[in-house]
Amino acid sequence: MAAPSSQQVLDVLSHIQDPDLGRDVVSLGMIKELEVSPQGKVSFTFELTTPACPVRDRFKSQAQDLVGEIPGVTGVDVRMTANVRPAFMRPKPSEILPGVKQTIAVASGKGGVGKSTVAVNLAAALRRSGAEVGLLDADIYGPSIPAMTGSKQMPEQVNGRLRPIEAHGLKLMSFGHIYPGEQATIYRGPMVGKAIEAMMIQVDWGQLDYLVIDLPPGTGDASLTLAQAVPLTGVAIVCTPQDVATDIAVKALQMFRKLNVTPLGLIENMSWYICPSCGHRHEIFSHGGAEAAAKRLGVPFLGAIPLEEGIREDADSGTPVVISRPDSAGAKAFEHIASQVAARTSIQSFRQLPVINVH
Amino acid sequence: MEITWEDGNRSTYSGEQLRWACPCAECRGEAGAPGRLARIKTLSPEELRIKDVTLVGQYALQIAFDSGHATGLYTFSYLRALGPTASQV
């Protein structure tokens, strides 16, 4: 039997729909380097928009099955790769984060809900999937990234720019690296904005697929500076399930909406606790509050994270739980959330933004 | 200046129109006090010429005029409401 044509292969592959982007994978340009040998062997590269793609395995088996069913096909070789696309076309080349494709802010409004823990594990999970990831600690007063990543060295200066600290495969920068020890940073608001800008402009971030930005609590200087200085791809909002936390998370969300930053969704932290002695599931801070708030506000719910001693222990000892105990329930929850965040982020790169022309 | 919106619609603005619509506190007034634009009747040509447009995050444009005036942040929703919109489709 004759080998099929390339067009025949593309025709069947165009039946695969990307659930997040709402289009077929052929018209999205995900099928590359397609070759059909005279003997009927088909090989191609399936290029995802993120290595943390939640439907990666499904895509691969779908592609193999569909192509395998074409008469004349004797073998299918699918190479899965990923290429994160830049979020937006900027109007002019920017001095701010020129090599960064996607900027993802992690915010909460309220303090103490585990923003930094989520930011560190989100970054680590994206890194584990194969992406180049940076993590910027925008909490000037209470930087926790150095402790949570076990990186307390001072950044080196090269040609007047700071080199990010490397730990766990991540590029990091925090005020805790610049001013280590117990000294407090005593700044008024405008200085906070300047400090955050400096960490974006004066740090040599290089080429990154994702820069995760851990924001301090509140809806003031830090968040505003960030939303004005860079076109953020989106913001993930962390909260705990109880009303006092979700109410404030909603305020944070509304602030970002006002600034036209897309909410990627809500994350519920400390969602439940499994007692190690009795195995019983406790919902200390209630449960499902974030999901209900997400539904009410019409934003995605990205997932829930359990309250686990291991997450806290690993944060204190400086290794994110997704790296130290990848099989724990907590790590699994973070992995799931990271792939959801990556998927929502990919959608943003296909958005058509306003085009401004000045004559 | 011309903006092609996400939905394909297009708006065009003259420098003069944008200058008179400047939303900054100096021009608009603050705390109940009228601003500069309420007190004056004319603006010089260099006040009306656009020199530069910068994106502010992704919610607004900062428009700088030849006179050096650049304190107005024009949010996209404000610009959309301001401009006569021609449908492109």
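User: Which element of chain B gives the largest share of the side that touches chain A?

Analyst: This is a predicted model. In it, 15 residues of chain B are in contact with 16 residues of chain A. Two elements of chain B give two or more residues to that side, strand 1 (2-4) and strand 3 (50-56). The largest share, 4 residues, comes from strand 3 of chain B.

User: How many residues on the side of chain B that touches chain A are nonpolar, polar and charged?

Analyst: The side in question belongs to a contact of 15 residues of chain B with 16 residues of chain A. Divided by class, the chain B side has 10 nonpolar, 3 polar and 2 charged residues.

User: Which strands stand at the edges of the 8-strand open sheet of chain A?

Analyst: The strand order is 10-11-7-12-6-13-14-17, with mixed pairing. From one strand to the next, the twist averages 25 degrees.

User: Which residue of strand 11 of chain A is the bridge partner of Leu136(A)?

Analyst: Strand 7 (residues 133-137) and strand 11 (residues 170-173) of chain A run parallel and are joined by 3 bridges. In strand 11 of chain A, Leu136(A) is partnered by Met173(A).

User: Are helix 6 and helix 7 of chain A roughly parallel or oblique to each other?

Analyst: Helix 6 (residues 189-201) and helix 7 (residues 221-229) of chain A have axes 9 Å apart and pack at an angle of about 45 degrees. Helix 6 of chain A passes helix 7 of chain A in a right-handed crossing. Angles under 35 degrees would count as roughly parallel. The two helices of chain A are therefore oblique.

User: Which residues of helix 7 of chain A meet helix 6 of chain A?

Analyst: From helix 6 of chain A, the contact includes Val192(A), Ile196(A) and Met200(A). The residues of this contact divide into 6 nonpolar, 3 polar and 2 charged. On the helix 7 side of chain A they are Asp221(A), Ala222(A), Thr225(A), Leu226(A) and Ala229(A).

User: At what angle does helix 8 of chain A run to strand 13 of chain A?

Analyst: Helix 8 (residues 243-258) of chain A lies across strand 6 (100-107), strand 13 (234-239) and strand 14 (263-268) of chain A. Its angle to strand 13 of chain A is about 170 degrees.

Terms used:
Residues numbered from 1 in each chain as written. Chains lettered and ligands numbered in written order. Predicted model: local features only at pLDDT ≥ 70, side-chain atom pairs only at ≥ 80, totals over all residues. Contact = placed C-beta atoms within 7 Å. Nonpolar A, V, L, I, M, F, W, Y, C, P; charged D, E, K, R; others polar. Axes fitted to C-alpha atoms, helices over the stretch in contact; angles between N-to-C directions. Parallel < 35°, antiparallel > 145°, perpendicular 65-115°, else oblique. Left-handed = near helix turned anticlockwise from the far one by under 90°. Pairing = 2+ DSSP bridges.
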